[in-house]
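Reader: I am new to this structure and would like a friendly tour. Could we go through it by question and answer?

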Amino acid sequence: MDAMITAGGIPEPGEALYEYSQGRSKALIDVAGKPMIQWILDALSHARSIKNVLIVGLDGSEGLSCKKQLHYLPNQGGMLNNILGAARELAAINPGQDHVLIVSSDIPSISGEMVDWVTSQIKSEDDVVFNVIERSVMEARFPGSNRTYTKLKGIEVCGGDMNVVSMRTILDERSIWQQIADARKNPLKQAALVGFDTLLALLFRRVDIEGAGRLASKNLGIRGRGVLCPYAEVGMDVDKNHQLEVVARDLAARNP
């Protein structure tokens with residue numbers, strides 16, 4: 001399987017992390033002595049399941065390294081366009097692949113073992129497998145990280161930032177991907193895509209993870225599943241200054 005790393009975000013003055021990025025890509029912020037994205041590349045380097053790696057949002061002049069074949073694609077003008085452009089590029093590099101791993105550049109605590117676990121969850125018939133992390137798992141591993149949690153039936157979870165998606169789902173012009181792109185500035189359209197029945201069920205905590213996956217899949221017209229990921233690192237993304245400090249201390253302690 002190939003992997004794409006999304007690295008297009010650049011914090012603006014006044015936004016979180018700007019004092020660390022100073023107008024450069026968020027992916028290049030120093031974390032425990034390395035650019036944040038280099039930690040991602042190190043994990044992918046040690047993952048047995050990954051063949052090619054494509055970074056979308058950087059141009060290759062940053063001095064990054066990876067043991068896998070490394071490719072670059074400039075920023076395509078937004079998250080959805082970046083993923084679409086990266087999928088097209090990977091389809092040309094490795095024709096015939098069914099699924100692709102999408103990894104955010106801001107989860108530097110992941111390892112090759114975690115990458116292989118995530119890729120192993122996919123089945124041939126799946127369009128998307130999305131990872132969620134239970135609150136108790138996250139808070140035990142990263143106390144004080146202040147994640148945002150969704151309350152489901154009997155459990156609270158946060159989303160993961162490393163997921164597997166079928167190439168068909170991304171590249172098909174009639175797919176949900178294009179519908180999401182068209183609705184990205186219209187909250188009502190976005191809610192309609194997920195399904196008001198799903199939103200109400202979540203609001204009243206009447207569904208578990210499997211139920212939420214079934215409802216969303218039905219409304220979106222895809223075959224999707226949610227899985228409980230045992231690795232908090234998959235959901236420990238760096239969005240705020242204090243989260244950067246949490247992962248920097250953690251990585252420094254693990255890699256003295």
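Reader: At what distance from the ring centre of Phe142 does Arg141 lie?

Author: Happy to start there! A charge sits over a ring if NZ of Lys or CZ of Arg is within 6 Å of the ring centre and within 35 degrees of the ring normal. Arg141 lies over the face of Phe142, and its distance from the ring centre is 4.4 Å.

Reader: Before we go on, what kind of model is this, and how are residues numbered?

Author: Side-chain values use heavy atoms, without hydrogens and water, and residues are numbered from 1 along each chain as its sequence is written. Local features need pLDDT of at least 70 and side-chain atom pairs 80 or more, while totals for chains, interfaces and linings use all residues, as this model is predicted.

Reader: Over the ring of which residue does the charged end of Lys34 sit?

Author: The charged end of Lys34 is 4.1 Å from the centre of that ring. The ring belongs to Trp39.

Reader: How many residues of helix H2 are buried?

Author: Helices (H or I, at least four residues) and strands (E, at least two) are DSSP runs, numbered from the N terminus. Buried means under 20% relative accessible area, exposed over 50%, and partly exposed in between, with a 1.4 Å probe and protein chains only. H2 covers residues 36–45, and its buried residues include Trp39, Ile40 and Leu41. Of its ten residues, the buried ones number nine.

Reader: Is Ala86 buried or exposed?

Author: Ala86 has its place in helix H3, residues 79–93. Its relative accessibility is 0%, so Ala86 counts as buried.

Reader: Which residues does Ala86 contact, leaving aside neighbours within four places in sequence?

Author: Contact means heavy atoms within 4.5 Å. With those neighbours left aside, Ala86 is in contact with Met4, Leu54, Val56 and Leu73.

Reader: Why does Ser166 count as buried?

Author: Ser166 is found in strand E10, residues 162–166. Beyond four places in sequence, it touches Asp98, His99, Asp126 and Asp127. Ser166 counts as buried because its relative accessibility is 4%.

Reader: What kind of pair do the rings of Trp117 and Tyr231 form?

Author: Rings of Phe, Tyr and Trp (its six-membered ring) pair if their centres lie within 6.5 Å; planes under 30 degrees apart count as stacked, over 60 as edge-to-face and the rest as tilted. The count comes to one aromatic pair. The centres of Trp117 and Tyr231 are 6.1 Å apart and the planes are at 80 degrees, so the pair is edge-to-face.
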